[in-house]
Amino acid sequence: MDVVSFVSAGYRVVQRPYSTDGSRDGLVSISECVVTVLEEEWGDWFRDPDRARHRAAESRLQVLEVGFTMEEAAPILRALLAEGYDRETHAVAGRLAEGIPINGTPLGYELVGYDFGTWHSWACLGGLIDDVRLGTGIEPGPHGLIRSADAAHTAARWLTGSGLGDPKVSDWAAAALFAR
């Protein structure tokens, strides 16, 4: 995979759905539209990785750390602050404002967009995966994730420019997903 620097948006505790043969190789996502997301006491993102791992173990779920480039993190942080979330109590706003770098190799990249408290995936808004494939030639690999950082960022820019996710999402980002 490409070498790209990411800052942590925090941790999501999610359930990976079972595929038709019963194995856990279905879609990997941070979007509550397509996977079960464990709610934390103050929202559905965890700021503390140990707390996320503890809650995941209790529920037999998976912890994903989510990263964005600084360029893609800035509009997300602005949107959260404009909605009245603050850096002290909101996990994503706080983590993005801190600019904590992520080390490791991502599982892959998911195209996501934020919409008033909900994180949408290109997999949850009908036909966007096909639209991106037709417009750019970029398509998801295993688990519904894009393998290359460059391809994911190209796809996110194309999807934002196309306006196809609007009115739910107008700004798309390539979220790097790390297994924790």
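Hi everyone, and thanks for having me. Please keep in mind that we are looking at a predicted model today.

Let's start with the sheet. In what order do its strands come? The sheet is open and has six strands, running β2-β1-β3-β6-β4-β5, and the pairing is antiparallel. At the edges you find β2, residues 36-37, and β5, residues 118-121. Each of these two has a single partner strand, so one side of each has no neighbour in the sheet. As a quick reminder, strands of a sheet pair through backbone hydrogen bonds, either parallel or antiparallel.

For α3, the strands touched are β1, β3 (62-68) and β5, and the helix direction makes about 145° with that of β1. Helix α5, residues 149-162, also packs on the sheet, touching β4 (108-115) and β6 (173-179). The direction of α5 makes about 25° with that of β4.

One residue I would like you to look at is F116, which sits in the loop between β4 and β5. For context, most residues other than glycine have a negative phi, and most peptide bonds are trans.

Which form does the bond from D166 to P167 take, cis or trans? The bond is cis, with omega near 20°. You will find P167 in the loop between α5 and β6.

Next, how the helices meet each other. Two packed helices are described by the angle between their axes and the distance between the axes. For α2 (residues 70-82) and α3 (residues 91-98), the angle is about 135° and the axes are 10 Å apart. The two are therefore oblique to each other, and their crossing is left-handed. Who touches whom? From α2 we have A73, I76, L77 and L80, and they meet V92, A93, L96 and A97 in α3. By class, this contact has eight nonpolar residues, with no polar and no charged ones.

On the α4 side the contact has L128, D131, V132, G135 and T136, and on the α5 side A155, W158 and L159. The classes here are five nonpolar, two polar and one charged.

Between those two helices there is a loop, and G144 has its place there. Leaving aside residues up to four places away in sequence, what does G144 touch? The answer is L27 and W122. If you compare G144 with Y11, they are 133 residues apart in sequence and 19 Å apart in space, C-alpha to C-alpha.

Last stop: the aromatic rings. How many aromatic pairs does a search of the whole structure find? It finds five. One to show you is F6 with F178, whose ring centres are 6.3 Å apart and whose planes are at 75°, so this pair is edge-to-face. F6 lies in the segment before β1 and F178 in strand β6, so the pair ties together parts that are 172 residues apart in sequence.

How values were computed:
Residues are numbered from 1 along each chain as its sequence is written. This is a predicted model: local features need pLDDT of at least 70, side-chain atom pairs count only at pLDDT 80 or more; totals for chains, interfaces and linings use all residues. Side-chain values use heavy atoms; hydrogens and water are left out. Axes are lines fitted to C-alpha atoms, for helices over the stretch in contact, and angles run from 0 to 180 degrees between N-to-C directions. Helices (H or I, at least four residues) and strands (E, at least two) are DSSP runs, numbered from the N terminus. Angles under 35 degrees count as roughly parallel, over 145 as roughly antiparallel, 65 to 115 as roughly perpendicular and the rest as oblique. A crossing is left-handed if the near helix is turned anticlockwise from the far one by less than a right angle, and right-handed if clockwise. Contact means heavy atoms within 4.5 Å. Ala, Val, Leu, Ile, Met, Phe, Trp, Tyr, Cys and Pro count as nonpolar, Asp, Glu, Lys and Arg as charged, and the others, Gly among them, as polar. Two strands pair if DSSP finds at least two bridges between them. Rings of Phe, Tyr and Trp (its six-membered ring) pair if their centres lie within 6.5 Å; planes under 30 degrees apart count as stacked, over 60 as edge-to-face and the rest as tilted.
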